[in-house]
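Subject: Structure for you to look at

Dear colleague,

I am handing over the structure we spoke about, with the sequence alongside. Please open it first, and then read the notes below with it in view.

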Amino acid sequence: MDFSLSTDQQQIKQSMFEFAHERFNHDLIERDKNQLFERKLWRLAGEKKVTGLCIPQEYGGLGYDPLTTMIALEAFAEGCEDGGFCFAISAHLFASTVPILQFGTKEQQRDYLPKLCDGTWIAANAMTEVNSGSDAFNMASTATMKSNADQSAQLPTYFELNGHKPYVSNGPNADIVLAYVNTNKEKGFFGGISCFILRKDEHSFIASNAIDKLGVRTCPLGEVSFDQLNVDSSCLLGKVGAGGPIFNHAMIWERVCLSAIHLGTMSRLLKRAMAFTKARQSGGQAIGAYQNISHSLAELHTRLESVRLLAYQSAWKLGQSKNASLDASMTKLAVSELFQDFALSLCEIYAAQGYVNNHEVQRIMRDALGSKIYSGTSDVQKNIIAKLI
């Protein structure tokens with residue numbers, strides 16, 4: 001088995017790292033403190049097509065396969081120290097843009113994808129509800145088919161959407177929202193959930209301001225709600241009742257490829273921690289000379305290389321159109337659990353220096369706590385894994 005990167009992948013990796021390192025690290029502390037999302041940075045990422053890595057070139061993306069997408073995004077996240085911004089790109093691309101590519105009509109692909117790839121638009125996924133977190137498909141939001149009273153109307157039927165989605169990443173800034181709602185409560189996942197593409201400039205859905213949160217603070221999280229919102233059938237993504245499989249497919253992409261931003265972050269942190277332990281003196285020698293420190297770094301390095309192999313294998317399977325459901329959940333579980341352990345270990349190594357002044361490991365600690373929640377909690381991943389094995 002050949003685990004080496006191709007020449008093209010090596011060039012992509014280097015280019016993405018340099019681009020992110022040079023252009024996205026200004027005012028990090030202030031942006032994190034104030035939960036500031038900068039649209040100009042989004043447009044800058046769009047110019048490089050980071051927001052369309054895996055979207056075909058005919059629709060304005062770069063056309064990368066899943067593995068190359070992961071390599072590129074990992075390098076971007078290693079260079080960009082703004083974890084929230086990296087997460088915003090991932091949520092936009094994998095949970096929202098990829099479903100339009102894979103399940104949208106030709107018209108939807110043509111109308112939406114170019115603007116989602118070039119940084120013009122931001123996309124969000126509206127799924128989770130207050131009483132249906134881990135039980136995602138047990139939702140209260142509904143879409144009811146209605147008949148147009150005007151029999152001569154071009155669209156004789158439409159849908160009336162009612163519901164509230166309280167935790168929507170990118171929600172406050174979203175130009176496009178993929179809203180999952182019940183169209184047949186009794187059918188549930190198997191034919192009862194539908195997905196609608198809502199446009200901010202066409203549909204009067206309500207998006208709140210950003211909600212204060214612990215980590216990934218520069219990716220705005222907000223509420224999206226719709227009250228008697230009339231939407232015609234052309235806004236359906238896929239068929240009526242196809243929302244469950246569409247969402248599951250999007251989550252496979254997200255669970256596999258979102259791990260790239262954590263891999264990149266951990267790679268950067270490990271390199272900096274090793275430099276710190278060589279420079280930091282205690283008892284007349286560098287702290288890295290002490291076995292408890294060196295063993296901690298050795299374990300982190302070993303675990304990081306292990307989960308990277310798992311993530312790359314999962315991305316490869318996804319690119320080969322193989323069933324990657326099990327791999328996606330194993331990757332999500334392993335990477336997010338390691339990410340939190342990574343942050344805890346590095347906080348102990350940096351000690352007081354990492355505890356004050358919004359040090360990088362402090363920001364990463366807050367970001368890492370969220371990684372075990374979004375895209376399905378660690379317990380949800382364990383349930384999926386147990387069922388599939």
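Does E74 count as buried or exposed, judged by its relative accessibility? E74 counts as buried, because its relative accessibility is 4%, and buried here means under 20%. Please keep in mind throughout that this is a predicted model.

Since E74 lies in helix α4 and R308 in helix α9, the pair ties together parts that are 234 residues apart in sequence. R308 is buried as well, with a relative accessible area of 12%. Helix α4, which spans residues 66–79, also holds E78, a residue that is buried at a relative accessible area of 11%. Leaving out residues up to four places away in sequence, E78 touches F17, G264, T265, S267, R268 and K271.

Elsewhere, salt bridges that share partners join E81, R268, R272 and E360 into one network.

In the other pair, the side chains of R217 and D212 meet at 2.9 Å, N to O; R217 is buried, with a relative accessible area of 13%, whereas D212 is exposed, with 60%. R217 is also one of the residues in contact with D32, and, with neighbours within four places in sequence left aside, the others are T218, N358, R363 and R366. D32 itself lies in helix α2, residues 28–33, and counts as buried at 8% relative accessibility.

Turning to the nonpolar side chains, the largest nonpolar core has 96 residues, and those with the most contacts inside it are F24, F76, F85, I176, Y180, F342 and L346. The largest share of this core, eleven residues, comes from α5. Beyond its neighbours within four places in sequence, F342 is in contact with M266, L269, L270, L300 and L304. Apart from this core lies another, of 19 residues, which include L161, A179, F226 and L229.

The largest has a volume of about 1,400 Å³ and is lined by 45 residues, of which F247, M251, R255, S375 and G376 lie nearest its centre. Among the elements that give two or more residues to this lining are α5 (83–103), β3 (157–169) and α12 (360–371), while α7 gives the most, with six residues. By class, the lining of the largest pocket has 23 nonpolar, 16 polar and six charged residues.

The second largest pocket has a volume of about 480 Å³, and of its 16 lining residues D2, F3, L67, Y312 and W316 lie nearest its centre. Helix α9, residues 291–319, gives the most to this lining, with seven residues. Its residues divide into seven nonpolar, five polar and four charged.

With best wishes

Notes. Residues are numbered from 1 along each chain as its sequence is written. This is a predicted model: local features need pLDDT of at least 70, side-chain atom pairs count only at pLDDT 80 or more; totals for chains, interfaces and linings use all residues. Side-chain values use heavy atoms; hydrogens and water are left out. Helices (H or I, at least four residues) and strands (E, at least two) are DSSP runs, numbered from the N terminus. Buried means under 20% relative accessible area, exposed over 50%, partly exposed in between (1.4 Å probe, protein chains only). Contact means heavy atoms within 4.5 Å. On a 1 Å grid over the protein atoms alone, a cavity is a set of points where a 1.4 Å probe fits but cannot get out, and a pocket is an open set with protein on both sides within 12 Å along at least five of seven lines; lining residues have an atom within 4 Å of a point. Grid points are joined across faces, edges and corners, and a volume is the space filled by probe spheres set on the points. Ala, Val, Leu, Ile, Met, Phe, Trp, Tyr, Cys and Pro count as nonpolar, Asp, Glu, Lys and Arg as charged, and the others, Gly among them, as polar. A nonpolar core is a set of buried Ala, Val, Leu, Ile, Met, Phe, Trp, Tyr and Cys residues joined through side-chain atoms within 4.5 Å. A salt bridge is a side-chain nitrogen of Lys or Arg within 4 Å of a carboxyl oxygen of Asp or Glu.
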